[in-house]
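Biologist: I have a model open on my screen and would like to learn how to read it. Could we go through a few features together?

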Amino acid sequence: MKHLLILGAGFSGKAIGETFRAAGYMVSGTTRSEEKAESLRALGIEPVLYDGNDLSDALAAAMARATHVVQSIAPGRDGDPLFRAGSPALSALMPKLAWAGYLSTVGVYGDHKGAWVDEDTPLNPVSTRSIERVEAENHWLAFGQASGLPVAVLRLSGIYGPGRNALRNIEEGTARRLIKKDQVFNRIRVEDIGGSALFLAERGLGGIWNITDDEPGPPQDVVAEAARLMGYPVPPDISFETAELSPMARSFYGVNKRVSNAKLRAAGFGFRYPNYRVSLAELHSSGRWRG
């Protein structure tokens with residue numbers, strides 16, 4: 001039996017788990033609290049408590065039977081929890097491992113002033129969290145090279161889906177149309193993260209992959225489309241320069257690029273939600289936007 005272990009079964013991890021379960025995998029996923037463990041059980045995912053530091057007997061047992069692993073835990077200042085000084089060797093912890101996926105971010109590319117980037121574009125991470133991601137990526141890729149196992153780095157763009165989307169923001173009155181000249185972002189529907197992870201795992205594909213939609217575009221356009229679908233007035237424009245934003249929110253607008261998914265498409269993956277219009281329309285018509 002193929003067994004997937006998700007380290008950090010949050011929004012993306014749950015979607016990956018559901019996708020793998022539908023394909024016949026047994027799935028375990030780590031979470032920090034017993035309350036969140038219940039939501040994993042409801043999805044048929046075996047919960048394992050893990051705080052990102054101490055390796056419990058339950059987690060060691062899940063690792064020992066894992067044939068596939070997806071690492072979704074952010075590295076932080078101390079680095080990836082599986083590659084910290086003194087950590088047991090990954091090959092010893094997961095002797096049955098056949099494929100690994102590491103969830104990273106397109107933030108590692110840094111700012112390209114709206115130009116296109118792909119998997120061969122030199123990295124220029126700006127924020128501390130993106131620098132930490134590059135270090136973690138390198139650990140996972142080195143592990144793959146040393147072990148001879150396929151290790152895929154999935155660089156994700158802005159994640160949204162049921163319960164986390166512009167339609168819900170419109171209804172809750174939190175949607176804002178921040179306008180910054182020529183600013184674009186890529187996005188990815190969470191179900192396509194699950195689908196792409198399964199696609200790569202089933203084919204034993206490693207290396208670096210951009211997991212992103214077809215259509216980078218201005219963020220204010222997404223808000224306008226959501227308002228149209230919901231039958232609400234379009235929120236007023238707000239100048240980025242004068243907007244009150246947290247340092248983290250402002251930092252997202254400090255980088256501007258168009259991220260290509262051509263490599264993944266060329267490998268044969270078909271996106272269920274290739275752009276935000278198709279995706280928002282499905283969320284709205286199905287009612288799943290509420291989560």
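Biologist: Let me start with one side chain: is Arg228 buried or exposed?

Modeller: Gladly, with a word on the source: this is a predicted model, where local features need pLDDT of at least 70, side-chain atom pairs count only at pLDDT 80 or more, and totals for chains, interfaces and linings use all residues. Residues are numbered from 1 along each chain as its sequence is written, and side-chain values use heavy atoms, with hydrogens and water left out. Now to the terms: buried means under 20% relative accessible area, exposed over 50%, and partly exposed in between (1.4 Å probe, protein chains only). Arg228 has 55% relative accessibility, so Arg228 counts as exposed.

Biologist: Which residue forms a salt bridge with Arg228?

Modeller: The general idea is that side chains of opposite charge can pair when their charged atoms come close. Here a salt bridge is a side-chain nitrogen of Lys or Arg within 4 Å of a carboxyl oxygen of Asp or Glu. For Arg228 the partner is Glu225, with 2.9 Å between the closest N and O atoms. Both sit in helix α8, three residues apart, about one turn of the helix. Helices (H or I, at least four residues) and strands (E, at least two) are DSSP runs, numbered from the N terminus. Glu225 counts as buried because its relative accessibility is 14%.

Biologist: How many salt bridges does the rule give?

Modeller: The count comes to 16. One of them joins Arg277 and Glu215, at 2.7 Å from N to O. Arg277 belongs to helix α11 (residues 276-286) and Glu215 to the loop between β11 (207-211) and α8 (219-230), so this pair ties together parts 62 residues apart in sequence. Arg277 is partly exposed because its relative accessibility is 35%, and Glu215 is partly exposed at 26%.

Biologist: Which residues are linked in a network of salt bridges?

Modeller: Arg189, Glu191, Glu282 and Arg288 are. Arg288 has 32% relative accessibility and counts as partly exposed.

Biologist: Let's finish with a loop. Where does Pro122 lie?

Modeller: Pro122 is in the loop between β6 (116-117) and α5 (128-147). With 63% relative accessibility, Pro122 counts as exposed. Contact means heavy atoms within 4.5 Å. Apart from neighbours within four places in sequence, Pro122 is in contact with Tyr109 and His112. From Pro122 to Val108, 14 residues away in sequence, the C-alpha to C-alpha distance is 9.3 Å.
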